[in-house]
Amino acid sequence: MRALRALSLANLKSFVRDRAALFWTLAFPIVFVILFGTIFAGGGAQYQLAWVDQDGSATAAALRAAFEANAPVELKDGTFEESKSRMLRGDVDGILVIPKGLSAVIDAAHAGQHPDPIEVTVVTDPSRSNTSLAIQQIATGLVMAANLQLSGASPLLTVRPDALQTQQLNGVSFFVPSILAMALMQLGVFASIPLVQQREKLILKRLNATPLPRWALVGSNVAVRLVIAAVQTALILGIGIALLGVKVVGDPLPIAGFVILGALTFTSIGYVIASFARTEEAANGITSVVQFPLMFLSGIFFPLEVLPDWLRSVATLMPLTYLGDALRQTMVGGAPFMPLPVDAAVLGGWLVVTLGISARFFRWQ
Amino acid sequence: MLGRPGQDAVITVDDVFKAYGDVKAVDGVSFQVSKGEIFGLLGPNGAGKTTTMEMIEGLHAPDSGAIHVLGMDVRHAATAIKNRVGVQLQTAALYPQLTVTELLSLFGTFYARHQPVERLLEDLELGEKRNAQTKNLSGGQRQRLSVALALVNDPEVVFLDEPTTGLDPAARHGLWTVVRRLKGEGRTILMTTHYMEEAEALCDRLAIMDHGRILDSGTAEELIGRRFRERGVHFRRAGAPDQEKLQALPAVSRVVYEEDEVVLFTSDVPATIAALLELTSRAGTEPADLMIRRASLEDVFLELTGRALRD
């Protein structure tokens with residue numbers, strides 16, 4: 001036990017003193033969290049719209065005020081030409097054109113006449129389908145509301161927005177567990193590299209010439225990975241909570257359990273890589289190749305439902321899918337893909353199988 | 001007379017074979033090392049010295065044959081043996097980011113008993129570098145540290161694999177002093193080397209290896225004496241007596257003229273020299289630059305393998 005503690009401490013010191021390794025292990029997930037946080041921050045997106053008022057009437061101004069107050073938009077006034085160049089520059093997401101004669105039509109309607117309807121033009125960019133759709137919906141909603149109000153009829157049907165989620169789950173809350181899962185996966189598979197290094201430099205052989213038992217050697221490597229995993233978890237969660245408003249609602253115990261199980265499973269996959277990589281270069285190569293399918297064929301960055309069938313069946317085999325799912329459930333109360341015991345069983349299964357493979361094929365020298 | 005192998009054998013290697021694929025790295029090796037002696041495995045790179053030594057250290061299993069260290073079979077008592085021996089590997093790197101002191105303390109935790117770090121630092125003159133990370137050590141310092149690591153557990157048997165390879169002469173002689181002190185402390189030492197002068201300077205007994213086999217073993221004296229009974233009496237050619245007179249001196253078998261030297265090959269050095277001095281004093285002169293030379297291990301290796309050791 002004394003040797004295990006001393007060797008763990010030595011490995012940890014080596015890791016901390018290796019600035020490059022330290023930077024990549026700790027900075028990378030942080031950069032990821034902040035990046036995703038900025039993309040998904042704020043929940044409901046705020047759209048920048050150009051407001052082209054060709055009518056110039058008091059009615060148009062009232063419509064503008066009502067629109068700005070009720071929709072998640074910020075309006076920028078200008079002529080159609082100005083607005084077009086703004087949109088091309090990316091300053092605005094779309095253009096709303098209030099045509100000349102709008103007030104005349106409304107006045108006529110108020111006077112009891114039946115004038116021809118007048119068109120409010122919405123210009124959007126179809127290459128940004130989400131934004132485009134959202135703006136069209138907002139504009140349609142605006143026009144419908146105006147129609148109703150002008151016609152004086154009372155609405156018969158309304159929509160009450162609701163979400164089927166037990167907790168408030170904004171975009172960041174969805175992604176923080178995914179990033180944590182990804183960080184744990186990388187931490188684990190990259191365990192192969194120092195291991196192969198130590199074998200190549202005959203450090204493992206030198207240790208093997210001492211009475212140090214092998215379980216202590218393996219144990220110290222795993223212990224260091226777990227310590228780093230704990231630090232990464234604290235950093236990612238800390239930033240998520242402090243800067244991005246992520247709400248962690250789960251019990252700390254199951255969260256810690258899945259963090260440890262995930263770190264163990266992926267470290268074991270790292271040992272499998274180290275079993276077959278003879279050189280450090282080979283280990284680097286295999287690790288990069290392995291981590292991409294592990295990452296992108298799992299359901300951590302997009303819902304599995306959007307994948308084609310064959311890809312979805314691949315994803316349901318990937319351990320990261322289950323770690324992401326388990327962390328999402330336990331941390332932010334995300335909707336389950338699988339029940340937690342299934343997540344634990346799949347991760348545990350990967351752990352046992354990869355441990356068996358490394359026990360069979362790992363070479364110390 | 002040195003202790004012959006027998007009851008007090010600390011290492012016994014008995015008909016050991018080891019092959020890697022088609023390559024017979026060790027091809028039927030047997031020898032014994034007695035308590036308190038320095039035993040050297042001498043041979044060129046690839047002779048099987050390191051493989052032999054690493055099998056004794058328990059790092060590789062032999063394909064066949066038996067190895068006992070301190071009376072224990074390496075196949076069954078590897079951990080018990082490892083606790084009582086110290087190992088210095090030829091090319092092993094160290095944790096580059098740990099300091100000298102940290103590394104010595106770390107290795108101390110691996111053993112049932114260990115020496116104080118301070119003593120190791122002092123014995124191997126590493127005190128000034130105690131807080132240096134090992135990646136910043138010079139070649140000689142690194143080699144001394146690697147020997148210090150082999151001594152952490154105060155071992156009864158020390159294995160040194162090419163301990164002075166790559167060192168400058170000063171560092172090499174410094175390490176020889178350390179090895180002699182280890183012997184003085186009663187430890188048994190098994191070392192490999194491909195330096196003749198190192199083998200002659202340090203080793204009580206030697207085994208000469210080539211192509212995985214031991215070609216001959218014994219003390220340097222014995223190895224040389226078995227092949228080269230005669231010694232050479234060298235002196236300057238200028239002013240030397242005539243060849244017939246030299247040839248007639250007692251015990252002289254041949255007279256050979258080299259560039260500016262005469263060499264008398266003799267089976268009885270004192271008789272030959274006494275007669276030589278009498279001959280020259282009668283002529284009122286004396287032999288200039290008189291020297292007695294015996295054959296070296298280099299000559300033995302050449303004789304055994306038909307080629308020089310350092311090709």
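Student: Which helix gives the largest share of the lining of the largest cavity?

Tutor: This is a predicted model, so what follows is read from predicted coordinates. The largest cavity is lined by Gln115(B), Asp123(B), Leu151(B), Val178(B), Arg181(B), Leu182(B), Glu185(B) and Arg187(B). Of that lining, 3 residues form the largest share, and they come from residues 169–184 of chain B, that is, from helix α6.

Student: How many charged residues are in the lining of that largest cavity?

Tutor: The cavity itself holds about 40 Å³ of space, and the search of the whole structure finds 3 cavities of 30 Å³ or more. Its lining divides into 3 nonpolar residues and 1 polar residue, while the number of charged residues is 4.

Student: Turning to the largest pocket, which residues lie nearest its centre?

Tutor: The largest pocket contains about 860 Å³ of space. Among the elements of chain A that give two or more residues to its lining are α1 (2–17), α2 (19–40) and α10 (214–244). The lining divides into 18 nonpolar, 10 polar and 4 charged residues. Of the 32 residues that line the pocket, those nearest its centre are Phe15(A), Ala21(A), Phe190(A), Pro194(A) and Arg225(A).

Student: How many aromatic pairs does the structure hold, and why does the pair of Phe276(A) and Phe361(A) count as tilted?

Tutor: Over all chains the structure holds 5 aromatic pairs. In the pair you name, the ring centres are 5.2 Å apart and the planes meet at 45°; because planes under 30 degrees apart count as stacked and those over 60 as edge-to-face, this pair falls into the remaining class. It links distant parts of the chain, with Phe276(A) in helix α11 and Phe361(A) in helix α15, 85 residues apart. The total is thus 5 pairs, and the class of this pair is tilted.

Student: Are Phe107(B) and Phe110(B) buried or exposed?

Tutor: These two rings also form a tilted aromatic pair, at 5.1 Å centre to centre with 50° between the planes. In chain A, by contrast, Phe276(A) is partly exposed at 46% relative accessibility, and Phe361(A) is partly exposed at 34%. Phe107(B) and Phe110(B) are both buried.

Student: Which residue lies over the face of Phe361(A)?

Tutor: A charged side chain is placed 4.7 Å from the centre of this ring. Chain B has an arrangement of this kind too, with Arg254(B) over the face of Phe265(B) at 4.3 Å from the ring centre. Over Phe361(A), the residue is Arg360(A).

Student: What distance separates the domain centres of chain A?

Tutor: Chain A is assigned domain 1 (8–40 + 170–361) and domain 2 (47–151). Chain B is divided into domain 1 (9–225) and domain 2 (229–293), and their centres are 44 Å apart over C-alpha atoms. For chain A, taken over C-alpha atoms, the distance between the centres is 50 Å.

Notes:
Residues numbered from 1 in each chain as written. Chains lettered and ligands numbered in written order. Predicted model: local features only at pLDDT ≥ 70, side-chain atom pairs only at ≥ 80, totals over all residues. Heavy atoms only, no water. 1 Å grid on protein atoms, 1.4 Å probe; cavity = no way out; pocket = protein on both sides within 12 Å on 5 of 7 lines; lining within 4 Å. Points joined across faces, edges and corners; volume = space filled by probe spheres on them. Helix = DSSP H or I, 4+ residues; strand = E, 2+ residues; numbered from the N terminus. Nonpolar A, V, L, I, M, F, W, Y, C, P; charged D, E, K, R; others polar. Phe/Tyr/Trp six-rings, centres within 6.5 Å; stacked < 30°, edge-to-face > 60°. Buried < 20%, exposed > 50% of the residue type's maximum accessible area, 1.4 Å probe, protein only. Lys NZ or Arg CZ within 6 Å of the ring centre and 35° of its normal. Domains from an automatic or database assignment.
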